[in-house]
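Colleague: I am new to this structure and would like to understand its aromatic rings. Could you take me through them step by step?

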Amino acid sequence: LVMLQRCIGSQGQRRKERKNGLVESIEKAVEFIDEHFAEDISAQDVAHMAAFSKSYFGYLFKTVTHQTFIEYLNERRIEAALQMLDDSNKRVIDICYDCGFKNVSHFNRTFKNAIGVSPTEYRIILSEKGKEKSNA
């Protein structure tokens with residue numbers, strides 16, 4: 001019985017180590033996305049970098065982050081767009097491409113779904129809030 005218990009215990013330890021290794025791989029993939037979100041990257045590219053098949057990578061990514069690859073990538077791109085809309089006078093079309101979106105209509109639709117207003121409307125709201133602060 002002691003030997004059986006040791007065997008079962010060592011299998012559990014190996015599973016735990018494997019799980020930790022998989023989570024670590026996904027964390028590295030997230031870091032890669034965070035550094036390269038403005039580039040033309042795909043789930044296939046990141047899966048290859050992490051040494052997984054695309055489907056297994058998608059499964060692991062969703063399990064660890066609770067988002068699909070595309071959801072996470074778009075969220076990261078929208079965060080960057082919000083910052084640029086707030087901190088610069090760049091045109092919306094330039095911000096779109098700087099954040100990694102391939103066309104303005106997709107950018108506008110994704111932005112509006114995430115934030116509730118279009119990028120142009122968001123910038124107007126920011127400028128109105130800035131005027132209110134300066135008048136106060």
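What follows is a short exchange about the ring pairs in this predicted model.

Colleague: How many aromatic pairs are there by the rule on ring centres?

Modeller: In this predicted model, two rings pair if their centres lie within 6.5 Å. By this rule the number of aromatic pairs is nine.

Colleague: Are the rings of Tyr-56 and Tyr-59 stacked or edge-to-face?

Modeller: The centres of the Tyr-56 and Tyr-59 rings are 6.2 Å apart, and their planes lie at 20 degrees. Planes under 30 degrees apart count as stacked, whereas those over 60 count as edge-to-face. The pair of Tyr-56 and Tyr-59 is therefore stacked.

Colleague: Which helix holds both Tyr-56 and Tyr-59?

Modeller: Tyr-56 and Tyr-59 are three residues apart, which is about one turn of the helix. The helix they both lie in covers residues 54–65 and is H3.

Colleague: Is Tyr-59 buried or exposed?

Modeller: Exposed means over 50% relative accessible area, and Tyr-56, with 30%, is partly exposed. Tyr-59 has a relative accessible area of 52%, so Tyr-59 is exposed.

Colleague: Which helices are linked by the pair of Phe-111 and Tyr-122?

Modeller: Phe-111 and Tyr-122 form an edge-to-face pair, with 5.8 Å from centre to centre and 70 degrees between the planes. The two residues are eleven residues apart and link distant parts of the chain, namely helices H6 and H7.

Colleague: Over which ring does the charged end of Arg-77 sit?

Modeller: The charged end of Arg-77 is 5.7 Å from the centre of the ring in question. That ring belongs to Phe-101.

Methods:
Residues numbered from 1 in each chain as written. Predicted model: local features only at pLDDT ≥ 70, side-chain atom pairs only at ≥ 80, totals over all residues. Heavy atoms only, no water. Phe/Tyr/Trp six-rings, centres within 6.5 Å; stacked < 30°, edge-to-face > 60°. Helix = DSSP H or I, 4+ residues; strand = E, 2+ residues; numbered from the N terminus. Buried < 20%, exposed > 50% of the residue type's maximum accessible area, 1.4 Å probe, protein only. Lys NZ or Arg CZ within 6 Å of the ring centre and 35° of its normal.
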